[in-house]
Amino acid sequence: QVQLEESGGGLVQAGGSLRLSCAASGRTYSVVHSGWFRQAPGKDREFVAALSWSVGSPRYADSVKGRFTISRDNAKNTMYLQMNSLKPEDTAVYYCAALTRGAHDYNYWGQGTQVTVSS
C-alpha cells in the first residue's frame, strides 16, 4: 500500500503562485511514476503533470506548460507542483497519484487539495 497526502492548496489571486506538496508513505519503493491531476466543478478529471521516478523528462498538459513545474525530493518521498501565473481556469481540486511497479495505470490517489484562483 502507498498513502498519498496533498497539501498547499488555497485561495490566490490571478497571476499569483502556489506550491502543492504530495507526501508519500508506505511502500514507496514500489512507485515508478507519479503525477498531478485536477478536477474542476462539473468537469472530468484531467491530467496536469507527471514524472517518472527513474528516467525521463516530466510531462505537462498544454494548458499548464511553461507555468507549472513538477519535481520531487527523494529523501523526503515528496512530490511538488509549483504553479506560477495562475489563472481562474486553474481553479480545481488537485490530486496526486502514484503508479506502482506492475500496475497499468495510476493505482493510488491522494484525497485532493482545493486550489481557487480569483480574478
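1. A residue counts as buried under 20% relative accessible area, as exposed over 50%, and as partly exposed in between. R45 has a relative accessible area of 45%, so R45 is partly exposed. The model under review is a predicted one.

2. R45 sits in the loop that links β4 and β5. Once neighbours within four places in sequence are set aside, the contacts of R45 are F37, R38, Q39 and W109. Between R45 and S25 there are 24 Å in space, C-alpha to C-alpha, for a separation of 20 residues in sequence.

3. On secondary structure, the protein chain has 11 strands and 0 helices. Its pattern along the sequence is accordingly written β-β-β-β-β-β-β-β-β-β-β.

4. On overall dimensions, the radius of gyration of the protein chain is 14 Å; this agrees with the value near 14 Å for a compact globule, because the comparison is made for 119 residues. Along the principal axes, the C-alpha atoms fill a box of roughly 40 × 25 × 25 Å.

5. Of the contacts in the protein chain between residues at least 6 apart in sequence, 54% are between residues at least 24 apart. Buried residues account for 44% of the 119 residues.

6. How many residues does the largest nonpolar core have? The count is 29, and W36, L81, M83 and Y94 are the residues with the most contacts inside this core. At least two of its residues come from each of β1 (2–7), β3 (18–26), β4 (31–39), β5 (46–52), β7 (68–73), β8 (78–83), β9 (92–100) and β11 (113–118). In soluble globular proteins, nonpolar side chains tend to be buried together.

7. M83 deserves a separate entry. With neighbours within four places in sequence left aside, M83 is in contact with G16, S17, L18, L20, R67, F68, Y94 and V115. One of these contacts, Y94, is also listed with M83 among the residues with the most contacts inside the largest core.

8. As for charge, the protein chain has 12 positive and 9 negative charges, and the mean positions of the two sets are 6 Å apart.

Note on methods. Residues numbered from 1 in each chain as written. Predicted model: local features only at pLDDT ≥ 70, side-chain atom pairs only at ≥ 80, totals over all residues. Heavy atoms only, no water. Core = buried A, V, L, I, M, F, W, Y, C linked by side-chain atoms within 4.5 Å. Buried < 20%, exposed > 50% of the residue type's maximum accessible area, 1.4 Å probe, protein only. Helix = DSSP H or I, 4+ residues; strand = E, 2+ residues; numbered from the N terminus. Contact = heavy atoms within 4.5 Å. Rg over C-alpha atoms; globule rule 2.2 N^0.38 Å. Lys, Arg positive; Asp, Glu negative; His and termini not counted. Charge placed at Lys NZ, Arg CZ, Asp CG, Glu CD.
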